[in-house]
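Here is a short walk through a two-part question: how a chain divides, and how its parts meet. Keep the sequence and the model in view.

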Amino acid sequence: MRLLLVEDDVMVASGIKLGLTDAGYAVDWVGSGERAEEVLKTEVFDLAIIDIGLPNMDGLELTRRLRRPEVASRAMPVLILTARDALQDRVRGLDMGADDYMIKPFELPELLARLRALLRRSQAATSAVLSFGPIELDTANRRASANRDGQSVNIELGPREWTVMEYLLIHAPKPASKDKLLQALTGWDKEITPNAVEVYISRLRGKLEPHGIALRSIRGFGYRLEIADVPPA
Ligand code: CA
């Protein structure tokens, strides 16, 4: 799960980011509405946490802009953060398309509970099955499978293999860049090296090739899913 945190207060942001990271989310943090809007045009997030009190473009304006179809192509849940006395802000935030709000200061367990509820709802609403050739990724049930002679064969994927596979399938038949795959794996933290992408790609190759799917390297760019020329017998 990849979350975008939009908060200009460094202390608050690093506290939230730490708590969410500990809870197993990949968190990318930006300090302004302008930067958030930019990032959301090219990156995919499962949820955004937006502080209303931001410099220049505030969180309400950002929320309003996010709900324009050309910015967020799918229904990404938005949770806004507001000050205790700002009832009007909360009402306006919900009117502008926010899905929930938290009043600052808040306890981390409550934020986590709200996030889980929002993510459950959005996943139920978009329970997409991604597919390419015989391969299917059921994102609601987190099950990968291949269709063979009318039979559905389970493919076991580790969490990071799943992340890479999901990214490849979302973009197929277009290639996915190695940089973007690395970002999908890590958020923007640098704990993972570019070599890790190659490791997961090579594991996926081993799991996909028996089903007639090739993962072609595109030199200097990344990888593309392809139907193999000669499917195995
Ligand atoms: Ca703020």
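What distance separates the centres of domain 1 and domain 2, taken over C-alpha atoms? The separation is 28 Å. This is a predicted model, in which local features need pLDDT of at least 70, side-chain atom pairs count only at pLDDT 80 or more, and totals for chains, interfaces and linings use all residues. Residues are numbered from 1 along each chain as its sequence is written, and side-chain values use heavy atoms, with hydrogens and water left out.

Domain 1 covers 2–125 and domain 2 covers 129–227. These bounds come from an automatic or database domain assignment. Domain 1 brings 10 residues to the contact and domain 2 brings 5; contact means heavy atoms within 4.5 Å.

Now the area. The two domains bury about 670 Å² between them, with 52% of it on carbon and sulfur atoms. Buried area is the accessible area (1.4 Å probe) that two parts lose on being put together, summed over both. On the domain 1 side, Arg-2, Asp-28 and Glu-43 supply 47% of the area buried against domain 2, more than any other three residues.

The term requires a side-chain nitrogen of Lys or Arg within 4 Å of a carboxyl oxygen of Asp or Glu. Between domain 1 and domain 2 the count is 1 salt bridge.
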